[in-house]
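Subject: Structure handover

Hello,

Here is the structure you are taking over. My notes on it follow below.

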Amino acid sequence: MRTLVLNAGYEPMQLISWQRALCLVMSDKAEVVARYDTEVRSVSQSFKLPSVVRLVRYVRVISRFGVVRCTRKNVLMRDTYQCQYCSVKCREESITIDHVVPRSKGGKTTWNNVVAACHPCNRKKGSKNLGDTGMVLLKQPRRPSFRELMGENGQETLLEWLPYISQAG
Ligand SMILES: [Zn+2]
């Protein structure tokens with residue numbers, strides 16, 4: 001189960017594990033905005049897992065607010081852990097990130113240039129340009145919206161987050 005972190009101004013920032021979210025709350029770095037119905041029990045108390053927390057202090061974000069950053073995890077989520085060349089679905093440990101325009105040829109780590117790829121396809125493509133390999137992309141990579149990315153976490157969870165996501169447009 002994951003927790004949505006909001007910046008002090010309620011802008012959605014990222015998803016973290018509920019354990020990490022609790023740590024933020026316990027150390028007074030964040031406050032709970034909404035909770036799941038699921039309870040966890042410790043020796044002395046029980047509490048509902050936070051579904052949304054808000055940071056107490058404003059954190060300056062490099063990207064524009066509400067815009068999803070191009071990280072390995074986010075790219076894999078966008079591509080639903082499916083190799084974008086041979087369309088095989090992979091587990092997290094057996095998938096990697098491929099630069100469509102290779103880094104050695106100036107390709108950047110941007111949403112339009114990175115895709116999920118299985119290791120065999122990643123090796124096959126190597127540092128060649130896509131056109132020289134005969135390989136074809138399943139779909140043209142692009143930046144997903146926050147909503148698209150979080151849709152992968154299930155409808156129920158999405159509903160709880162919706163009011164906060166909507167604020168980000
Ligand atoms: Zn593949």
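The secondary structure comes to 5 helices and 6 strands. Bear in mind that this is a predicted model. Along the sequence, the elements follow the pattern β-β-α-β-β-α-β-β-α-α-α. The protein has 169 residues, and buried ones make up 24% of them. Among contacts with a separation of 6 or more, 59% are between residues 24 or more positions apart.

The sheet

An open sheet is formed by 4 strands in the order S2-S1-S4-S3, with mixed pairing. At its edges are strand S2 (12-17) and strand S3 (30-41), each of which pairs on one side only. On average, and ignoring direction, neighbouring strands of this sheet are turned by 30° against each other.

The pairing of S3 with strand S4 (residues 46-55) is antiparallel and runs over 8 bridges. Within that pairing, valine 32 has valine 53 in S4 as its bridge partner. Helix H1 (residues 18-26) packs on the sheet, where it touches strand S1 (2-6), S2, S3 and S4. The direction of H1 makes about 75° with that of S4.

The nonpolar cores

The largest nonpolar core has 14 residues, and the members that touch the most others are Cys83, Ala116 and Ala117. Helix H2 (72-78) and S6 each supply at least two residues of this core. The largest share, 5 residues, comes from S6. Apart from this core lies another, of 9 residues, including Leu4, Val5, Ala21 and Val52.

Alanine 117

Alanine 117 is located in strand S6 (residues 114-118). Is alanine 117 buried or exposed? Alanine 117 counts as buried because it has 27 C-beta neighbours inside 10 Å, and the cut-off for a buried residue is 20 or more.

Which residues does alanine 117 touch, if those up to four places away in sequence are not counted? The contacts are Cys83, Gln84, Tyr85, Thr96, Asp98 and Asn122. Of these contacts, Cys83 is also listed with Ala117 among the core residues that touch the most other members. As for tyrosine 85, 32 residues separate it from alanine 117 in sequence, while the C-alpha to C-alpha distance between the two is 6.7 Å.

Regards

Note on methods:
Residues numbered from 1 in each chain as written. Predicted model: local features only at pLDDT ≥ 70, side-chain atom pairs only at ≥ 80, totals over all residues. Buried ≥ 20, exposed ≤ 12 C-beta atoms within 10 Å, placed from the backbone. Contact = placed C-beta atoms within 7 Å. Core = buried A, V, L, I, M, F, W, Y, C linked by C-beta atoms within 7 Å. Pairing = 2+ DSSP bridges. Axes fitted to C-alpha atoms, helices over the stretch in contact; angles between N-to-C directions.
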